[in-house]
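Me: I have a structure open and would like to talk it through slowly. Could you start with the words I will need?

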Amino acid sequence: MSKSINLKKGLELNLLGAITAPEAPVDVPCKSVAIDPADFPGITPKLDVREGDVVSVGSPLFHDKTYPSVVVTSPAAGKVSAVVRGERRKLLSVVIDIDQEAPAPVKFTTTGITDDASARALLLSSGLWAMLRQRPYDVVPAPDAVIRDVFVTAWDAAPLAPDFRLVLSDDLRYMEAGVAVLRRITKGKVYVGRDSRNPIHDIPGAEMVNVNGSYPASNAGVLAANVAPVNKGETILTLDALILASIGRLMLAGHLVPSVVVAVTGPEITKPLYVRTLPGAPVRTLLDGRLSPDAASRHLRVISGNVLSGVSVGIDGYLRYPYRQVTVIPEGDDVAEFMGWASMAPGKMSQSRTFPGHFLRNRLFSPDARINGGRRAIIMSGEYDKVLPMDIMAEYLIKAIISRDIDRMESLGIYEVAPEDFAAAEYVDTSKLELQRIVREGLDYLRDELR
Amino acid sequence: MKSLRNYLDKIKPNFEPGGKFHAFQSVFDGFETFLFTPNTTAGRVGAQIHDSMDSKRTMIIVVLALLPCLLFGMYNTAYQHWLAAGNATFPFFTMMLYGFLAVLPRIVVAYVVGLGIEFVVAQWRREEIQEGFLVTGILIPLICPIETPLWMIAVATAFSVIFVKEVFGGTGYNIFNVALVTRAFLFFAYPSQMSGDKVFVPTQPILGIGGTVPDGFTGATPLGQIAVASPQAGEALSIVGVNGQPISTWDAFLGLIPGSFGETSTLFILIGAVILLLCGIASWKIVVSVFAGGLCMASVAHLCATPLYPASMLTPLDQICLGGFAFAAVYMATDPVTAARTEIGKYIYGFLVGVIAILIRVYNNGYPEGAMLAVLLMNAFAPLIDWCVVRANIRRRQRRLTA
């Protein structure tokens, strides 16, 4: 039994550097991993380890100050080689040097998970709870949150994103086990959104939703908004199918199996491919020998994630949550483009019909990281709505957030959105506003004020 | 281009704080970003790539879409002058030169005054120069009678740029359309110079081009003639051109009639509309609904035609082709900043602009043309329309909560 939703609004971008002929993922062993607390919004990290400590897979690295039971655990076994702190001693990352001699993975009791409390306890202690997100606020859920429904995304429509059917391959039994755990912690349903054109198999126990649309149709927020929107006072859980499979693996193996499949993509990659590695792997290792030969002649932008909602980590950075994609594009700050605003070059990527590139449906583009203009007040109207398939007045919500008007944010539906839902709008915005940052700050502000 | 880039990089430090010309930083920045796409790259978090479209290109497309009207305006200005002077031959290039010379000072004055204020304010606020005035500066000469004294254009432009735009925060924050307020300022501050039968047709030769127009001619616009007409019952309206010949609907559509510089030709306005709509710059919802509203109101007025209100005797098609209606529908009502911003709101806003334009034109003998006032009035009401549309969204959400 499955539902179907059709979404007309969205963004279709054809970028150079897709994985055209997928092969089995190449194993890329790495010497170290790093976990960045910024990947776990809502958590105020308190360290559980010190430099020099030996950790194994599943050992807690840090916990949340407010809810100490929410922990982030190590994806690798080895020695904590560095605890990097920034201004005002803010924790920036925990780096672990991998040591094959290190102790075996931490065992978790996975039998007798028959009720809400035991399921939550397992997820919390294994660190997988920290991989979940809740709406409202798009943060790591509180351990005692009353969860109305769970929304799992089993596809990614972002540019160059990995194909979940390939990445998940034979993980059906893991996903089934994962769904069984999630059903313990909610009284509602576990919805799984999948690509209607390239669907994953039905998962027993879950409500499958076939989604037909383009980015951001694959987002959990869009799925929820079109199936059962979040109201004030309700909490839903969101996660992707890869984390769902991790939960299942934990259930069946009794310990964490932290390997991930990552799509290495982008116009600057010679031969885009899938690699199998660890969460938090160094990007340099993943890209070693895969950058295009002439890449040294220009500045590059190395993105963990996709080009619309990812994080620029630099070549010395580490793979960041949600650990499934690395994209490399030209940075573009080293070119001098004469009168770019008048350009009719076919290589210019745009949703606007004033660029010939708009009509070249089969062309693959290689955009750089320039914002292609100057920041302005919101001038054009209706731009955001065209790429936001939710019943949200995007422009008005953004204005309410900027003016920090709590009542208006609430009434315009801020509880239904996450920053990533505005990624496509941020791309098309001719006023070049940082919409995702605005939404993130608005959500954090609201959470602080209402606590 | 490389050498230009290097030159800019060389002189740039002079314009930075502490440099010799630091008071011109915004101006330098404006020219630099005009010449070279800024190399600002996306932040660390958030969208890593951005659409190539920006507000510079948006504004330039609007200016391009105004060029057909500008070119036709040059021809028509000369054509009216030639007719009034009683010439029998119409040399095309000489006439275009005459029209060009007639409008050039007006464009220069509008840009110098408006952009000058923009530059000063941008520097004062330490912001980038914004592109909004590129469009406003060309709109102003297009919607004024050709004989408007230059100093009036300067005063009106300064007034509206300062008090309609800058005090609200600049481009994107204004409530009223800046170009239309310029026109309204002229209309209400200098009524005698802004209407009547002498301002729409130039009477003097320029740099020896053109002839001298005899004193007795009447250069009133068709709507101006209708406003003062007193037809008897059953008698048809008569509107005549500067040569005394009657004006047909076809003449009005082509635009070879007296009127404000760029807004006489419905044909060329439609060419501009096609450019704007194909490029996706203007909202087709607004354009279509302004015409729909205008036709509806004009039909109603025409059905109840009475000599008491002579303009009601015009056919709906005449109403669309005469005056500034089409120009307002395509270039004024579609200004995204001052129009309704919600998609449903755009239909309502546009329709009401059309209705009110004809309403004022027909039933208010004091104002022969209502398009300008209709757009300004709806500018004031656009936030209210949007408020209602947004309210509906909020209510949907509240209902879901209580259900």
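Reply: Helices and strands here are DSSP runs, where a helix is a run of H or I with at least four residues and a strand is a run of E with at least two, and both are numbered from the N terminus. This is a predicted model, in which local features need pLDDT of at least 70 and side-chain atom pairs count only at pLDDT 80 or more, while totals for chains, interfaces and linings use all residues. Residues are numbered from 1 along each chain as its sequence is written, chains are lettered from A and ligands numbered from 1 in the order in which they are written, and side-chain values use heavy atoms, with hydrogens and water left out.

Me: Which other bond is cis, with omega about 5°?

Reply: Y321(A) and P322(A) are joined by a cis peptide bond, with omega about 5°, and P322(A) sits in the loop between strand 18 (311–312) and strand 19 (325–330) of chain A. As background, most peptide bonds are trans, and most residues other than glycine have a negative phi.

Me: Which residue of chain A has a positive phi without being glycine?

Reply: K432(A) has a phi near 60°, which is positive although the residue is not glycine, and K432(A) belongs to the loop between helix 9 (423–428) and helix 10 (435–450) of chain A. In chain B, R126(B) has a positive phi of about 55° and is not a glycine either; R126(B) is in the loop between helix 4 (92–125) and helix 5 (132–143).

Me: K432(A) first: buried or exposed?

Reply: K432(A) counts as buried because its relative accessibility is 1%, where buried means under 20% relative accessible area, exposed means over 50% and partly exposed lies in between, with a 1.4 Å probe and protein chains only. R126(B), with a relative accessible area of 66%, is exposed.

Me: Back to helix 4 of chain A, why is it largely enclosed by the rest of the structure?

Reply: Of the 8 residues of helix 4 of chain A, 7 are buried, so the helix is largely enclosed by the rest of the structure. Those buried residues include A220(A), L223(A) and V227(A). The buried residues of the helix pack against several strands of chain A, among them strand 1 (2–6), strand 12 (190–195) and strand 14 (236–240), and contact means heavy atoms within 4.5 Å.

Me: How many helices and strands does chain A have?

Reply: Chain A has 10 helices and 19 strands. The radius of gyration of chain A is 21 Å, close to the 22 Å from the globule rule for 451 residues, so chain A is as compact as a globular protein of that length; the radius is taken over C-alpha atoms, and the rule is 2.2 Å times the number of residues to the power 0.38. Buried residues make up 63% of the 451 residues of chain A.

Me: And how many for chain B?

Reply: Chain B comes to 16 helices and 0 strands. With a radius of gyration of 23 Å, close to the 22 Å that the globule rule gives for 403 residues, chain B is as compact as a globular protein of that length. Of those 403 residues, 56% count as buried, and the C-alpha atoms fill a box of roughly 75 × 75 × 35 Å along the principal axes.

Me: Changing topic, how many aromatic pairs are there over all chains?

Reply: The count comes to 27 aromatic pairs over all chains, where rings of Phe, Tyr and Trp (its six-membered ring) pair if their centres lie within 6.5 Å, and planes under 30 degrees apart count as stacked, over 60 as edge-to-face and the rest as tilted. F92(B) and F93(B) are an edge-to-face pair, because their ring centres are 5.2 Å apart and their planes are at 85°.

Me: Which cluster are F92(B) and F93(B) in?

Reply: Ring pairs link F92(B) and F93(B) into a cluster with Y75(B), Y79(B) and F90(B). F92(B) is partly exposed, at 44% relative accessibility, whereas F93(B) is exposed, at 70%.
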